[in-house]
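Please look over this model with me. My notes follow, point by point.

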Amino acid sequence: MLRLPALFTVPGDALAGAAAAGRAPGARTLLAIGSSLCLYQAGMALNDWADRVEDAVERPHRPVPSGRIAPGAALAAAGALTALGLALAARAGRPALTVAVPLAATVWAYDLGLKRNWAGPPAMAAARSLDLVLGAAASGGRVRDAVPSAAALGAHTLAVTAVSRRETQGGSTAVPLAALAVTSCVAYALAPPAVALRLPADRGGAAPLGLPGPTPAPGGALRAALALGYAATVARPLAHAVLNSSPPLTQRAVGGGIRAMIPLQAALSARAGAPGTALCTAALAPLARRFARKVSVT
């Protein structure tokens, strides 16, 4: 019910938020990660409770419709995990709690109604963006510095969530195509400039006659590798869904989009000048891929 493989996509939100705010991960960042994990799990449990009637027809193997977990237990778990998530955010400080409260409200609003209409994808995008901002707020950095990274993560989430709305029916090529265009733009924004010209000036302030050639931008190799990893993870299954919009391929596109959040978060950290944080985040990808072979991420 808690979608274990998808949980590996959560810590990178707070880590990317801290990096975007110019802060190294610390104890409060860990509290933000704990809060994010609890709120994410609360959303998963609440989702299964809210969809129990629909899942009985379309996905009878899920824990609630199959009878393995009682509906009341799923709802109780959602409430308890939400309370724990807010408590951890409060321990991280008032700025973190200020972000965690609307994040929790967005999660509940999405599962209880918004996901059934046009507001679903924007609500999910807002939740992921707020999760990244939570990491920035908990780490003590300026929240506004994390807005560009939150916008990139939100754009990706919006695209993937739009595709997920038809993962059990399929039949749409326009939505995966639009999602492919959006994620391609995100990947392009993540990629570093090919070169950065360095023109050292002489003592008088004028550039010397022998100008140096172009040199790679600092940290560009890591940033480029992560951006490429993100593009490769998300683009291929989306392209398959465009060519054949059957439910299995649409579900595979959604799963790829969820897993692609890890290299996306790592690339955002690298872009913010935090290579260590980027590498730690990227290390979660093999674990997510391994567990995804046993448990579906959707």
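**Notes on the model**

1. Cys 38 is buried, with a relative accessible area of 8%. Cys 185 is exposed, at 55%. Buried means under 20% relative accessible area, exposed over 50%, and partly exposed in between (1.4 Å probe, protein chains only). The whole structure holds zero disulfides, a disulfide being a pair of cysteine sulfur atoms within 2.5 Å.

2. Basis and conventions. This is a predicted model: local features need pLDDT of at least 70, side-chain atom pairs count only at pLDDT 80 or more, and totals for chains, interfaces and linings use all residues. Residues are numbered from 1 along each chain as its sequence is written, and side-chain values use heavy atoms, with hydrogens and water left out.

3. Confidence. The mean pLDDT of the protein is 87, where pLDDT is the predictor's confidence in each residue, from 0 to 100. Of the residues, 88% reach 70 or more. Over residues 195-216 the pLDDT is below 50. Beyond near neighbours in sequence, that stretch has 17 contacts in the model; a contact means heavy atoms within 4.5 Å.

4. Overall make-up. The protein has 14 helices and zero strands. Both are DSSP runs, numbered from the N terminus: helices are H or I with at least four residues, strands E with at least two. Of the 298 residues, 48% count as buried. Among contacts with a separation of 6 or more, 75% join residues 24 or more positions apart.

5. Helix H5 (residues 71-92). Just after H5, Gly 93 takes a positive phi of about 125°.

6. The buried side of H5. Its buried residues are Ala 74, Ala 78, Leu 81, Thr 82, Gly 85, Ala 89 and Ala 92. An α-helix has 3.6 residues a turn, so residues three or four places apart point the same way. The buried residues of H5 pack against H3, helix H6 (94-112) and helix H7 (120-138).

7. Asp 48 is found in helix H3 (residues 27-50). Asp 48 counts as buried at 1% relative accessibility.
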